[in-house]
Amino acid sequence: MTDFSSDLLRLLSTRGYIHQLTDAVALDALASKQVVPGYIGFDPTAPSLHVGSLVQIMLLRRLQQSGHKPIVLMGGGTGKIGDPSFKDEARKLLGEDGIKANVASIRRIFERFLRFGDGPTDAVMLDNAEWLDALEYIPFLRDVGQHFSVNRMLSFDSVKLRLDREQSLSFLEFNYMILQAYDFLELSRRAECRLQMGGSDQWGNIVNGIELARRMDSTEVYGITTPLITTADGAKMGKTMAGAVWLHEDQLPHFDYWQFWRNTDDRDVGRFLRLFTDLPLDEIARLEALQGAEINEAKKILADAATAMCRGVDAAAEAAETARKTFEEGSAGGSLPTFAVTGDIGIVDALIGLGFAASKGEARRLIKGGGARIGADKISDEAMIITVGADPVRVSAGKKNHGVLVRA
């Protein structure tokens with residue numbers, strides 16, 4: 001079904017967010033006649049989310065833009081276990097203090113994308129520790145566990161992947177899908193939540209929650225999943241040579257965030273503009289039709305819009321100006337990643353210090369392949385020593401990664 005009557009599903013469909021829907025006709029009808037509270041869960045495993053979570057954050061933004069109520073569910077309870085979905089091994093378990101600190105830090109991200117408050121369509125942030133921490137094991141098994149088939153749970157792709165690889169799946173992790181289903185039930189009861197959204201890997205968990213709400217409360221709730229976002233060359237979006245693309249500026253400089261979007265493949269520009277900016281669709285159609293060198297202007301618009309939304313207008317302007325100085329004027333620029341050194345430093349150590357290589361071997365391969373430069377000069381000698389004086393030294397790795405060495 002693609003001919004939707006509700007603003008919500010029309011917006012999600014035209015922007016490219018929908019992969020799977022449960023009972024599209026009923027959800028479309030519900031969203032056409034009332035405010036639909038919808039939620040997405042996020043486990044607070046780090047102080048910041050990264051670009052891999054941005055589709056889900058934007059999904060909540062679209063929910064609010066179309067007149068509905070976003071619920072950001074922090075996994076203060078499930079975060080103590082860790083979602084086993086498509087993971088090769090168990091996550092490191094966090095303590096209470098670490099989880100609370102991460103939740104507080106992550107909230108700052110959502111405040112940039114959503115409007116929080118007490119109104120009917122204002123976003124709220126809840127924590128599933130509020131109800132999961134209070135559960136008693138025997139009553140939970142009796143009242144909730146009876147509604148789950150182990151045979152069916154074993155059939156979900158997220159579990160089969162681990163078992164097929166003969167990798168350990170602990171009983172603790174196996175319980176995660178039951179607890180996530182219970183989250184949907186609790187949110188339905190507490191906040192009249194009628195919609196859970198998530199990535200395509202969450203389909204089984206979402207369906208579990210829908211069936212649990214129907215069996216225990218006779219309540220009809222719904223689910224939407226988004227497609228796995230990969231780049232045109234097939235790579236998982238957000239993975240770069242330097243590591244994760246963090247949304248918090250204290251974990252990734254503004255320039256690096258802006259440059260990530262500026263480096264988008266030509267073939268991904270239109271899709272990313274639809275998913276990650278609020279630009280009108282007709283303007284996006286014009287931009288993605290640009291050819292040759294002109295497509296670079298569309299990439300700059302993408303970088304400006306995505307950075308302004310996540311980091312603020314001033315941060316986007318600062319990063320764009322740094323890029324202009326770096327690439328058009330050849331100067332060092334003020335917002336590039338920097339590495340402070342006390343004196344001389346080898347090119348191999350400089351590449352590692354700037355985050356352009358994870359090891360000496362990787363740095364040497366980069367140099368051998370002709371990818372390392374000082375200013376405009378290509379470096380071929382892996383034993384080269386760089387003297388850092390009063391002026392910063394610009395170091396590049398490939399065409400897209402640039403940094404500055406400064407004297408400590």
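Is Phe 171 buried or exposed, and at what relative accessibility? Select Phe 171 in this predicted model: at 56% relative accessibility, the residue counts as exposed (over 50%, where buried is under 20% and partly exposed lies in between, with a 1.4 Å probe and protein chains only). Phe 171 is found in helix 9 (residues 171–174), helices being DSSP runs of H or I with at least four residues and strands runs of E with at least two, numbered from the N terminus.

Residues are numbered from 1 along each chain as its sequence is written. Local features need pLDDT of at least 70 and side-chain atom pairs count only at pLDDT 80 or more, while totals for chains, interfaces and linings use all residues, and side-chain values use heavy atoms, without hydrogens and water.

Next, select Phe 110, which together with Trp 261 has the most contacts inside the largest nonpolar core, a set of 67 residues (buried Ala, Val, Leu, Ile, Met, Phe, Trp, Tyr and Cys joined through side-chain atoms within 4.5 Å). Helix 15 (residues 295–311) gives the most to this core, with 8 residues. Beyond four places in sequence, the contacts of Phe 110 (heavy atoms within 4.5 Å) include Phe 42, Val 72 and Met 125.

Finally, move to Asp 122, in the loop between helix 4 (96–113) and strand 4 (124–127), which counts as buried because its relative accessibility is 13%. Its side chain and that of Arg 115 are joined by a polar contact of 2.7 Å (N or O atoms within 3.5 Å, one able to donate a hydrogen and the other to accept it within protein, residues adjacent in sequence counting only if both atoms are side-chain atoms).
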